[in-house]
Amino acid sequence: MSNQLASLRDITTVVADTGDIDAIKKYQPVDATTNPSLLLKAAGLPQYASLIDDAVAWAKLQSNDADQQLTDAADKLAVAIGKEISATIPGRISTEVDARLSFDTAATIEKAERLVQLYEDAGIDKSRILIKIASTWEGIQAAEELEKKGIQCNLTLLFSFAQAQACAEAGVYLISPFVGRILDWYKKATGTESYAPDEDPGVVSVTKIYNYYKEHGYKTVVMGASFRNIGEIQALAGCDRLTISPALLEELANEPGELEVKLKDNGATKTPGDRLTEGEFRWAMNEDAMATEKLSEGIRNFAADQEKLETMLREKLSA
């Protein structure tokens, strides 16, 4: 008898939302994605201890400046973990730009190019990499420039239709709308304990974005992320990609039966309109309390985990 994970793989590209290589080997996703929180967790795993030591030793050879050593060690470690993961998957590894650069277009581009160069130095072609960038206005502009340079991007921390529209208009390769975090906000804001899967605010948001992209012929890939339960995943079966935690992958694997296709590309029927201006984008975000709050919170949390990772690296650099 088939299980729902196998069924999902037939209709959607499954991506692993983890930095744990053992979990990736177990569930065999096509792609994998990391972020500062996942890297921090991965750095605590015994199998990555040598990668941390190598990153620290390499950083010391690059510069005598303590701040530069820290930056180099963090970048090198992110790429080293990404390289290990890429060896276990047939597709792409997503590596995130420092969240503290989320409002600096030029610095985001510079960091992205640095990460790609480190990957290429490690023998990983840029065709195997996606650079993750927060979906701020500045991040979307950076992604547009990077795409023109042949560096494909994954726009993350995406909560609003305005963010999705701007990303499509910028020609970014992929977006990661955060289903579960949208649900979290609405549960807290409304006091609603639970939603039916098809009425889940995160599911509704991704469905709207997916249908808009397909109707208007946008090539940007929609990859639902940040799931809280398998009901959300089941309700988005057929989405281009879904990035799923090991716990929910396990739950799907243990659930018998076939999944019904919920999202389907029926082809373009409409012509895109005028591009969003910066003012229109910022106003739309201002009017969307959920998106504004969750974007800010996400950036803060990723920045905090980056700083925790750097604290660990700083101790090793000074040892």
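Let me begin with a definition: buried means under 20% relative accessible area, exposed means over 50%, and partly exposed lies in between, with a 1.4 Å probe and protein chains only. What we are looking at is a predicted model, in which local features need pLDDT of at least 70 and side-chain atom pairs count only at pLDDT 80 or more, while totals for chains, interfaces and linings use all residues. Residues are numbered from 1 along each chain as its sequence is written, and side-chain values use heavy atoms, with hydrogens and water left out.

My topic is salt bridges, where a side-chain nitrogen of Lys or Arg lies within 4 Å of a carboxyl oxygen of Asp or Glu, and the structure holds 19 of them. One of these joins Lys132 to Glu96, with the closest N and O atoms 3.6 Å apart. Because Lys132 lies in strand β4 (residues 129-134) and Glu96 in strand β3 (residues 93-96), this pair ties together parts that are 36 residues apart in sequence; helices (H or I, at least four residues) and strands (E, at least two) are DSSP runs, numbered from the N terminus. Lys132 and Glu96 are both buried.

Now to helix α7 (residues 137-148), where Glu145 and Lys148 sit three residues apart, about one turn of the helix, and form a salt bridge at 3.6 Å between the closest N and O atoms. Glu145 is partly exposed at 34% relative accessible area, whereas Lys148, at 62%, counts as exposed.

Finally, Glu260 and Lys262 meet through their side chains in a salt bridge, 3.6 Å from N to O. Is Lys262, at 37% relative accessibility, buried, partly exposed or exposed? Lys262 counts as partly exposed, while Glu260, at 54%, is exposed.
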